[in-house]
Amino acid sequence: SSKPKPWVIGNWKMNPETPMAQQQLTQQLIDQIIHDPASDMGATTLNLAVAPTFLHLLMVQQQLQQAKSPVQVVAQDVSRFAGTGAYTGDVSAQLLASAGITITLIGHSERRSLYAEGAVVLREKLQAAVKAGLDIVFCIGETLSEREAGQAEQVVLQQIAEVFDSVSLQDWQQHLIIAYEPVWAIGTGKTASPDDAESMHAAIRTGLKKYHPSLVDVPILYGGSVKPDNAASLAACANINGALVGGASLDAGSFIKIAQAF
Ligand code: PEP
């Protein structure tokens, strides 16, 4: 099986601070990609995307579309409730889909730790997202204490196991992307070594293949302090199919350099 088309996704989290700063960052991405004719980013060789806040999602999407940019937009999260209705504060997968947003993160470590999202909620979010036809970047990863206790692989495989049957095999084949993000590497400046990352990615791929051989092609992205100077060594790993980038995605030049490594 061939290596799946890589994804490089910038997770802007609750940044930057103003609509103007959101537009400036978007414009910088547009300009830098257009001014790099050597690359074909987003068109055939790479899926390139950014995840702004819900407040700015459509504004950024429109700006990218008007510039005919290959950069896509991703939602950072999605409601566990489907459709429309009395769910104050939430944004459903169907609302996203109806606005042309085709992909969402689910289970980011900040959602798991700061909002106590566990298997029950994440299963509902996965179900809501596939019901609306969204693609999903499902985030998993162990804490430092779990790694130090030698349980990293077990924890990560369990995070897949506890949601696996919430959606169909066909949904896994067609709509799921995994992002392996060791919690101790997110926003800390500590990156997993390429060897450690690759060995976890290989374990995840083996785990997926045990559910069904066709899941060999599920893209597995790495996240956790990816920077321009470590992206190439991560991209070179056989089982790393892209990156989920937090801090470095807030600088357009850094984000583009990371994208170019994949
Ligand atoms: C993330 O939160 O998805 C992430 C990878 O953040 P950072 O790159 O800042 O570690």
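**View 1. W12 in its loop.** W12 sits in the loop that links β1 (7-11) and α1 (19-34). This is a predicted model, so keep that in mind for every view here. Skip the neighbours within four places in sequence, and W12 is still in contact with V50, A51, P52 and T53, plus S249 and L250.

**View 2. The annotated binding site.** An unreviewed UniProt entry puts the feature "binding site" at N11, W12, K13, G187, S225, G246 and G247. These positions are spread over 237 residues of sequence, yet they cluster in space, with 14.0 Å as the largest C-alpha distance.

**View 3. G187, another position from that UniProt list.** G187 is in the loop between β6 and α9 (194-211). Its C-beta has 13 neighbours inside 10 Å, so G187 counts as partly exposed. Leaving out residues up to four places away in sequence, G187 touches G246 and G247, and the UniProt record lists both of those under "binding site" too.

**View 4. Strand β5 and its partners.** β5 covers residues 135-140, and five of its six residues are buried. Strand β4 (residues 103-106) runs parallel to β5, joined by four bridges; here I103 stands opposite D135. β5 also pairs with strand β6 (residues 176-180), again in the parallel sense, over five bridges. In that pairing, look for F138 opposite I178.

Conventions:
Residues are numbered from 1 along each chain as its sequence is written. This is a predicted model: local features need pLDDT of at least 70, side-chain atom pairs count only at pLDDT 80 or more; totals for chains, interfaces and linings use all residues. A residue is buried if 20 or more other C-beta atoms lie within 10 Å of its own, exposed if 12 or fewer, and partly exposed in between; C-beta atoms are placed from the backbone. Helices (H or I, at least four residues) and strands (E, at least two) are DSSP runs, numbered from the N terminus. Two strands pair if DSSP finds at least two bridges between them. UniProt positions are given in the numbering used here, feature names are shortened, and annotations may be inferred rather than shown by experiment. Two residues are in contact if their C-beta atoms, placed from the backbone, lie within 7 Å.
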